[in-house]
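User: Could you walk me through the contacts in this one? I'd like to begin inside one chain and then move on to the partner.

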Amino acid sequence: MHSLAKRVSRTGQFLWSGWSGLAGLSVFAAFWQVVHEAYGSFILPSPLETLTAAQALLGDVSAWQLLLTTSSRALSGFALAGVIGTVAGCIAGFHPAILRLVQPQITLMLGVPPIAWIVLLMIWFGTGSATVTTTAAVACLPIVFLGASEGIASRDRLLDDMALSLGMGQVRRFVRITIPQMLNRLFPILVMALGTAFKAAVMAELLANAGGIGEALAVSRSNLDVANALAWILLSVSALLAVEYGLIQPTRSELEAWRHAARPWGVKR
Amino acid sequence: MNALALSNIGHAFLGRTVLDRVGLDIGEGELVALVGPSGCGKSTLLHIAAGLVEPRQGSVIRSYARHAVVFQEPRLLPWATARKNIGMALPERLSGRDRQDRVLAAAAAAALEEEDLDKYPVQLSGGMKQRTAIARGLASEADFLFFDEPFSALDPALRRHMQDIVIRHAGNGRRSGLFITHDMTEAVRIAHRVVVLERRGNGISGERHVPLTPGERDDRMIFETVQRFMKEDPLFRHVEELDERRTG
């Protein structure tokens, strides 16, 4: 009963914090409006025009289909990178020698421009979902790996000793002591990686003509339909926000209730 | 019958000898205070005895069932409430109800209020954190407790309170224990026997039995014993020397 009340209050706080997010977006919209008034509708349609265009798009079932296609591609790329990166990062975090061997390769992966990946992947996989998903995965794999390995390598060994002194076995120590510490580091990085996955997916779709939001953007560009292009951008950002605040942030706040407790009253989120 | 028998322990960090030929026996129900100047290898010896460090030489024979360590820092999991931190010492097989009871009993033994059990470590004061750590040690139902200078960061009043908790649960003959400290008053107050580690870790310099049992000694007697040890007894001459070079 007590924990239920706490949960309701936490959820309430989370929803209430939406107002501050809305306020931030309003400031952004105000600047947008200023630029619109300076340069006119052809260069930059007003926020309201864009919203209307987005609304018109959402009335269409095929637009939803496109959104869903892109989101699912970005998410599967993100999930792929998340699983591979976390597992590999954990292994590397425990073995400094492996970490040293892998680090240059991570730098290499980060250094290759995403566009080069797209070209290569188009040659390997053709212009379908696989190319887009893999591009998204390749784009966020290095940061997930670095986050997980950092999280493991910087774990508090004193806690490990403490658990050992209580007679905990290796598996229990890993699950109950090491993983929570690793997730602390990993979560902020996952948020970043998710954004990267969406960006990379849209870009890959645009360049590979692989459907989804990217292709819709390409069509808007050829029609010089700025309002439509902006509407698509708005929709893809909304999809990203929906995933972040619907999936990642709730999981994070669930795991990090203690951080919330540490904050003084009035600055909670 | 000894609860813990260390014989001929030797250890080195990166080729630098920290402990050499150290032997120490602790009887059942006995609380031994191990003193020595800073950096003489007391903590290393405790880590070896508790199985956290593998000694280079010598043997450790434990004839108790379970032990727990109270460290210098509380070492609580920051993401778990005090209740969960205490509960992590309990065996997995217990039912929820049993768990609850044991956590409450351990918390009460360490003078923790029930309302504090749902707080996270960041919300607890230094003394409460250390009490939670003690409760975790007590909850494990260990019959041997190790204390690695657990109260050196606390203020004197709180330290006294903590010592009383230790006396109540380890100095009364029900559990054995090894208590490391560099505070002679603390050693004389809580232990049956005070053992001095040689200042370079070369074996045990000697030991003194403290009269009466812990808890029966009054402040005057403790003060006089400490004075006698420090002023007249050559064994304790080096105990308060500071040599931070050899920490580890």
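**Domain and chain contacts**

Analyst: Taking this as a predicted model, domain 1 of chain B and domain 2 of chain B bury about 950 Å² between them, and 70% of that area is on carbon and sulfur atoms.

User: Where do the domain bounds of chain B fall?

Analyst: The domain assignment gives domain 1 as 2–65 + 144–246 and domain 2 as 79–142, with the C-alpha centres of these two domains of chain B lying 26 Å apart. Their contact takes 12 residues from domain 1 and 11 residues from domain 2.

User: Switching to chain A, how much area do chain B and chain A bury?

Analyst: Chain B and chain A bury about 1,900 Å² between them, with 68% of it on carbon and sulfur atoms. In chain B, the residues that lose the most area to chain A are B:Arg75, B:Trp79 and B:Met88, which together account for 36% of what that side buries.

User: How many salt bridges are there between chain B and chain A?

Analyst: The count is zero salt bridges, and one residue pair, both at pLDDT 80 or more, is in polar contact between chain B and chain A.

Definitions and conventions
Residues numbered from 1 in each chain as written. Chains lettered and ligands numbered in written order. Predicted model: local features only at pLDDT ≥ 70, side-chain atom pairs only at ≥ 80, totals over all residues. Heavy atoms only, no water. Buried area = accessible area lost by both parts, 1.4 Å probe. Salt bridge = Lys/Arg side-chain N within 4 Å of Asp/Glu carboxyl O. Polar contact = N/O pair within 3.5 Å; in protein donor to acceptor, adjacent residues only side chain to side chain. Domains from an automatic or database assignment. Contact = heavy atoms within 4.5 Å.
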